[in-house]
Amino acid sequence: PVPDAGAAVLMEKDSGEILYSHNANTRLPMASTTKIMTAILVSELLPLDRMVVVPDEAAGCEGSSIYLYKGEKITVEELLYGLLLESANDAAVTLAIEAAGSVEAFAGLMNKKAKEMGLKDTNFVNPHGLDHSEHYTTASDLAVIAAHALSDPIVSRVAATKVYKSEKRVMSNHNRLLSTYKGAIG
């Protein structure tokens, strides 16, 4: 079948074997798939039970949101659920600042991780994927990022969760494949 996408890669996770590709090395905006790398780094850098204070920069962040407010106290774990289930840009900014001190410093860590993973055509400028001319990836690189994420026990558990409830929020996974495709895991 021909995908309804500008580029695509079907990769076997464990071996890295490419089973199908279409414009696999074309640089494209990565939008919210950026949050996969954000989650990988957060999983490596921050304990899930750490309490975080939402900074000014995150409150009211444009795009998808879990409606964090300035000064709100929230755990890294709940922010990860907001990041991956609700695609929350405010959660991405909060996590980036907590992990690296600023969005720019976190983007630097994202690019360092990308190089460590052997990615050749990926560049990050933010943790959420809002459009920027220097924020891009390829289907090939994104397949490597996704495989890495599914190998991370924290990221894979969060990505596979259909609904997460906390004291203040109920978050639903927007990945329809979890409910419509038998065997989908994230």
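Residues are numbered from 1 along each chain as its sequence is written. Because the model is predicted, local features need pLDDT of at least 70 and side-chain atom pairs count only at pLDDT 80 or more, whereas totals for chains, interfaces and linings use all residues; side-chain values use heavy atoms, with hydrogens and water left out.

The largest pocket holds about 1500 Å³ of space. A pocket is here an open set of points on a 1 Å grid over the protein atoms alone, where a 1.4 Å probe fits, with protein on both sides within 12 Å along at least five of seven lines; lining residues have an atom within 4 Å of a point. The volume is the space filled by probe spheres set on the points, which are joined across faces, edges and corners. The lining comprises 39 residues, of which Ile36, Ala146, Asn175, Leu177 and Gly186 lie nearest the centre. Two or more lining residues are given by each of strand S1 (8-11) and helices H1 (34-45), H2 (76-85), H5 (139-151) and H6 (153-160); helices (H or I, at least four residues) and strands (E, at least two) are DSSP runs, numbered from the N terminus. H5 supplies the largest share, 7 residues. By class, the lining has 26 nonpolar, 11 polar and 2 charged residues (Ala, Val, Leu, Ile, Met, Phe, Trp, Tyr, Cys and Pro count as nonpolar, Asp, Glu, Lys and Arg as charged, and the others, Gly among them, as polar).

Helix H2 is largely enclosed by the rest of the structure, because 8 of its 10 residues are buried (under 20% relative accessible area; exposed is over 50% and partly exposed in between, with a 1.4 Å probe and protein chains only). Among the buried residues are Val76, Glu78 and Tyr81. Just after H2, Ser87 takes a positive phi of about 55°.

The structure holds 9 salt bridges, each a side-chain nitrogen of Lys or Arg within 4 Å of a carboxyl oxygen of Asp or Glu. In one of them, Arg27 meets Asp121 at 3.1 Å, N to O. Arg27 lies in the loop between strand S2 (18-22) and H1 and Asp121 in the loop between helix H4 (103-116) and H5, so the pair ties together parts that are 94 residues apart in sequence. Glu72 and Arg169 form another salt bridge, their closest N and O atoms being 2.9 Å apart. Glu72 counts as buried at 1% relative accessibility, and Arg169 counts as buried at 12%. Arg157 and Glu77 meet at 3.5 Å, N to O, and link helix H6 to helix H2 across 80 residues. Salt bridges that share partners join Glu72, Glu78, Lys168 and Arg169 into one network.
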